[in-house]
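Let us walk through this structure step by step. Keep the sequence and the 3D view open as you read.

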Amino acid sequence: MDILYFAWVRERIGLPRETIQTEAATVADLVAELCAREDRYAVAFADITALRVALDQELTDFDAPLAGVREVAFFPPMTGG
Amino acid sequence: MAVRIQEAAFGAGAELDRFTADAPGAGAVVSFTGVVRDVDGGLRHMLIEHYPGMTERAITALVSEAVARWNLTDALVIHRFGQLAPGDPIMMVATASAHRADAFAAADFLMDYLKSRAPFWKKEVTADGADWVAAKDADEAALNRW
């Protein structure tokens, strides 16, 4: 599964994307798994209410299941326009 | 209908002239141009990051929704990414319709949704350092109007 990070999430984690093997059932499970790996993830995901998540480029929420998903993206609230 | 996500600068006047010339049957053309605002202490530049792929997809979906909800003959969204200077146009929305009410409403709708549903992030670089622009609660609340 490809995981992408944008804006300050990317800066805190220190990379724009990575490919990982995971059995996580939901986005929240994936976040917990990443946070357990290294501090930089725990720092980036300290407050998930400050974050947004997209699965295969569609905005969703942290309870969403990951079955069949190829691309997960984490980022702060968007500031377009 | 056109959605353009680009690093290159664009001329809002020339874009509007072209859009209007290509909109026969429209009695009303509404446009909005977003410009990089200077900040206290002086903005050196603004960096705009986006999510290639999702950006085009999200904005195309918004334009399709606008077309479904209002009577538009055409719509255009241009949004830049990369490094921009104070005064540079960041983005532009234009809508064309037989009458002005639909053109105004659709442009307003597109702007509200572009603010908080198009995957762009802005970083302001000043002499004091660089800071990500925080999303405003008011921008999220504005979506409830629609």
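Two strands count as paired if DSSP finds at least two bridges between them. Keep that rule in mind for chain B. Here S4(B) and S6(B) are joined by seven bridges, and the two strands run antiparallel. One place to look is B:Ala75, which stands opposite B:Thr95 in S6(B).

Before going on, note what kind of model this is. It is a predicted one. Its scores are ipTM 0.95 and pTM 0.94. For chain B, pLDDT averages 95, and 100% of the residues score at least 70.

Now stay with S6(B). This strand covers residues 89-97. Is S6(B) mostly covered or mostly open? It is mostly covered, since eight of its nine residues are buried.

Strand S5 spans residues 82-84 and holds B:Gln83. How many other C-beta atoms lie within 10 Å of B:Gln83? There are 14. A buried residue needs 20 or more, and an exposed one has 12 or fewer. B:Gln83 is therefore partly exposed. Set aside its neighbours within four places in sequence, and B:Gln83 is in contact with B:His45 and B:Leu47. Compare B:Arg4: it sits 79 residues from B:Gln83 in sequence, and 17 Å from it in space, C-alpha to C-alpha.

Next comes a helix of chain B. H2(B) has 16 residues. From its first C-alpha to its last it reaches 22 Å, close to the 22 Å expected at 1.5 Å a residue. Which residues of H2(B) are buried? They are B:Met54, B:Thr55, B:Ala58, B:Ile59, B:Leu62, B:Val63 and B:Ala66. Look down the axis of H2(B). These buried residues fall within an arc of 165 degrees, so they line one face of the helix. The spacing has a general background. An α-helix has 3.6 residues a turn, so residues three or four places apart point the same way. On the other side of H2(B), B:Ser64 and B:Ala68 are exposed.

What covers the buried residues of H2(B)? Part of the cover comes from chain B, including S1, S3, S4, H3 and S7. Strand S3 of chain A, residues 52-55, is also included. That leads us to the place where the chains meet.

In all, 21 residues of chain B are in contact with 13 residues of chain A. On the chain B side, three elements each supply at least two residues: helix H2 (54-69), helix H3 (100-117) and strand S7 (120-126). H3(B) gives the most, with five residues. What kinds of residue make up this side of chain B? Twelve are nonpolar, four are polar and five are charged.

Cross over to chain A. Its helix H2 runs over residues 27-37, and A:Val27, A:Leu30, A:Val31 and A:Leu34 are buried there. They cover an arc of only 100 degrees around the axis, which puts them on the same side of H2(A). The buried residues of H2(A) pack against helix H3 (39-44), S3 and strand S5 (71-75) of chain A.

A:Ala7 is found in helix H1, residues 7-13. Its phi is positive, about 55 degrees, although A:Ala7 is not a glycine. This residue is buried, with 24 other C-beta atoms within 10 Å. A:Asp56 also has a positive phi, near 45 degrees, and is a residue other than glycine. Where does A:Asp56 lie? It lies in the loop between S3 and strand S4 (58-60) of chain A. A:Asp56 is partly exposed, with 15 other C-beta atoms within 10 Å. Not counting residues up to four places away in sequence, A:Asp56 touches A:Val69, A:Arg70 and A:Glu71. A:Phe6 is 50 residues from A:Asp56 in sequence and 15 Å from it in space, C-alpha to C-alpha.

Note on methods:
Residues are numbered from 1 along each chain as its sequence is written. Chains are lettered from A and ligands numbered from 1 in the order in which they are written. This is a predicted model: local features need pLDDT of at least 70, side-chain atom pairs count only at pLDDT 80 or more; totals for chains, interfaces and linings use all residues. Two residues are in contact if their C-beta atoms, placed from the backbone, lie within 7 Å. Helices (H or I, at least four residues) and strands (E, at least two) are DSSP runs, numbered from the N terminus. Ala, Val, Leu, Ile, Met, Phe, Trp, Tyr, Cys and Pro count as nonpolar, Asp, Glu, Lys and Arg as charged, and the others, Gly among them, as polar. The expected span of a helix is 1.5 Å times one less than its number of residues. The arc is that of the directions from the helix axis to the C-beta atoms. pLDDT is the predictor's confidence in each residue, from 0 to 100.
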